Amino acid sequence: MAVPGQVARVPTTVEVCIADASMASPDEIRARVSRMVLAAPEVRPGPVSMVGDPFLAAHCRGIRVCEFDDGVRAVPSGAAALQFITYQLSDEGPAVEEVGEGEDAVVAAQHWQLPAAEFEGLWESLVLDPVIKRKLLRYAATSVLFSDAGVDPTLVSLNRLILLHGPPGTGKTTLCKALAHKLALRMAGRYPCAAVLEVNSHSLFSRWFSESGKLVGKLFDHINDLVADEDSLVIVLIDEVESLSGARQAAMAGAEPSDSVRVVNALLTQLDALRARPNVLILATSNITEAIDAAFVDRADLKIHIGPPSAAARFDILSSCVVELERAGIVVGNSGADGAMAAGAAPAQGLSSDRGVSSSSSASGPPESPAVSLSASRAGLTGSGVRPTRSAAASSRAGAAPGRSEASRALPPFGDVRAAIGEDAWSAAAAAAAAGSGVVPWTLSSAPAGAGPKNTSSLEHSDAALRAEATTLLTALTHSAVAARLPKAAAMLAAAAGHSCGLSGRALRKVPFTAHASHTAGHVCTLDAFCEAVLAAVRDEADARHSMSCA
């Protein structure tokens, strides 16, 4: 019970990745990290800079404050109750698991020891609805709670199976690997060892009749051997599960080989056997949910749809790409008066500078957007940082300027761009774009009635003239209303986020490459010029997909 007048303590998880060669005491590392984190007025989720502390730079690969469970953006340092997770990464890479003998042996799975270096920072780099991440972590915690409490599984069923479904390229497989890595950290006190097995579904179908079901059985025999160690957490990832769990109705109707029925039966039998094990979790993904057998779907405890990113998420994905290209030296700050914008705008400096977004008054424009710290505003948008790299970590240990693992600095968040534009102009631009393209390119909270069809799954254009009108309006909006209050680059990325409705995260992360290849004149370009190239590349992608759909 909280004592009147006493500040409530907020559990704050801090992950500390210790360098392989470190011989320092974990207690000393935790004490130094605690002093560094609590030295700031507020504690915010994201990476913690080790610049200024040679000891931590020498003994740590990275430090990160995790997202708060309730989505809080920051807590006062005096209220933060730090809880440390210290760990070292495995650099071994995946091992190959084979089933079968001689010439008939097949690679059935890849096996990683966790926590793995190649999955480090993956959870934070995913731009998803924070509710999805919290739901997955709470599912894992609840499964442990029910097991420890001895809940009778015949009365309260728990199959330890999660199904992520949605269109290709939305990050389902990546999310599974990131979740496995995160659970290995969160449950290290209970399970000292952890591993993830990614099943190669396609390889389990044998050319010999009736052998496919046996291959599935042999693979799960190996999984059961791993699970037999009660101190090990075993996470099984079945990507494109429809390959193994295809609907048996199709096989019975003659549309599928009868051997596939044996595969489905073998898979369901093995899953039922594993449900009694408290130290196993099955993660499955699918692009074609209608092809999955109903019995498999019924066994899934959670069925979560991972769809295309929202406008805010698209903006954040593109912003993180720009940050990375600036770290690599391909994008640089704008030239001339420190990149200051016309009409009193905030300087469009390189993203490595830590600054706020200044606003200038305008009698005719929308209300001003308050000054926002770039590092804080980006953390507030997604509750996540930018995935660290080994080269960045190495440079920070050497005392060089921090890379993206040290500071999650980016353009202003999508919400601040929208606030600077103003709701009236925002709704007008969205309505015109919707009428011209058949899609709503923004996430609207106050769209006028009759704004157009809300089709967020395609980039089809219904009327070239109206589309051109919408493009003109958005371009004018970019160069006028926003320019006086936010960097031009932010406005360009906001327009790109609007035009990229329906694109997956995987497709969006390719856009900066095509932008540089097709719309820049040299090896290095300014921030404004590159963000304008990103907008052009997004339009190219929309046109290309439209042409393919009409072919």
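This is a predicted model: local features need pLDDT of at least 70, side-chain atom pairs count only at pLDDT 80 or more; totals for chains, interfaces and linings use all residues.

Q: What percentage of the 551 residues in the protein chain is buried?
A: A residue is buried when its relative accessible area is under 20%. Of the 551 residues in the protein chain, the buried share is 50%.

Q: What share of the contacts with a separation of 6 or more joins residues 24 or more positions apart?
A: A contact here means heavy atoms within 4.5 Å. Among contacts in the protein chain with a separation of 6 or more, residues 24 or more positions apart account for 76%.

Q: Why is helix H6 described as roughly parallel to helix H8?
A: Helix H6 spans residues 211–227 and helix H8 spans residues 259–274, and their axes come within 8 Å. Angles under 35 degrees count as roughly parallel. H6 is therefore roughly parallel to H8, since their axes cross at roughly 15 degrees.

Q: Which hand does the crossing of H6 and H8 have, and how do the residues of the contact divide by class?
A: The crossing is right-handed. On the H6 side the contact includes Val 216, Phe 220, Ile 223 and Val 227, and on the H8 side it includes Val 263, Ala 266, Leu 267, Leu 271 and Leu 274. Glu 211 of H6 and Asp 259 and Arg 262 of H8 also take part. By class, the contact of H6 with H8 has nine nonpolar, five polar and three charged residues.

Q: Is Asp 259 buried or exposed?
A: Asp 259 is found in helix H8. The limit for a buried residue is a relative accessible area under 20%. With a relative accessible area of 8%, Asp 259 is therefore buried.

Q: How far is the C-alpha atom of Glu 211 from those of Asp 259 and Arg 262?
A: Glu 211 lies in helix H6 and counts as partly exposed, at 27% relative accessibility. Asp 259 is 48 residues from Glu 211 along the chain, and Arg 262 is 51 residues from Glu 211. The C-alpha separation is 8.1 Å for Asp 259 and 9.0 Å for Arg 262.

Q: What is the orientation of H10 and H16 to each other?
A: The axes of helix H10 (residues 311–327) and helix H16 (residues 488–499) come within 8 Å. They cross at roughly 130 degrees, and the crossing is right-handed. Roughly perpendicular ends at 115 degrees and roughly antiparallel begins over 145. H10 and H16 are therefore oblique.

Q: Which residues make the contact of H10 with H16, and how do they divide by class?
A: H10 contributes Ala 311, Arg 314, Phe 315, Leu 318, Ser 319 and Val 322. H16 contributes Ala 490, Leu 493, Ala 494, Ala 496, Ala 497 and Gly 498. By class they are nine nonpolar, two polar and one charged.

Q: Which cysteine has the sulfur nearest to that of Cys 525?
A: Cys 525 is buried, with a relative accessible area of 9%. Cys 525 is in no disulfide, and the nearest cysteine sulfur is 8.8 Å away, in Cys 531.

Terms used
Residues are numbered from 1 along each chain as its sequence is written. Side-chain values use heavy atoms; hydrogens and water are left out. Axes are lines fitted to C-alpha atoms, for helices over the stretch in contact, and angles run from 0 to 180 degrees between N-to-C directions. Helices (H or I, at least four residues) and strands (E, at least two) are DSSP runs, numbered from the N terminus. Angles under 35 degrees count as roughly parallel, over 145 as roughly antiparallel, 65 to 115 as roughly perpendicular and the rest as oblique. A crossing is left-handed if the near helix is turned anticlockwise from the far one by less than a right angle, and right-handed if clockwise. Ala, Val, Leu, Ile, Met, Phe, Trp, Tyr, Cys and Pro count as nonpolar, Asp, Glu, Lys and Arg as charged, and the others, Gly among them, as polar. A disulfide is a pair of cysteine sulfur atoms within 2.5 Å. Buried means under 20% relative accessible area, exposed over 50%, partly exposed in between (1.4 Å probe, protein chains only).
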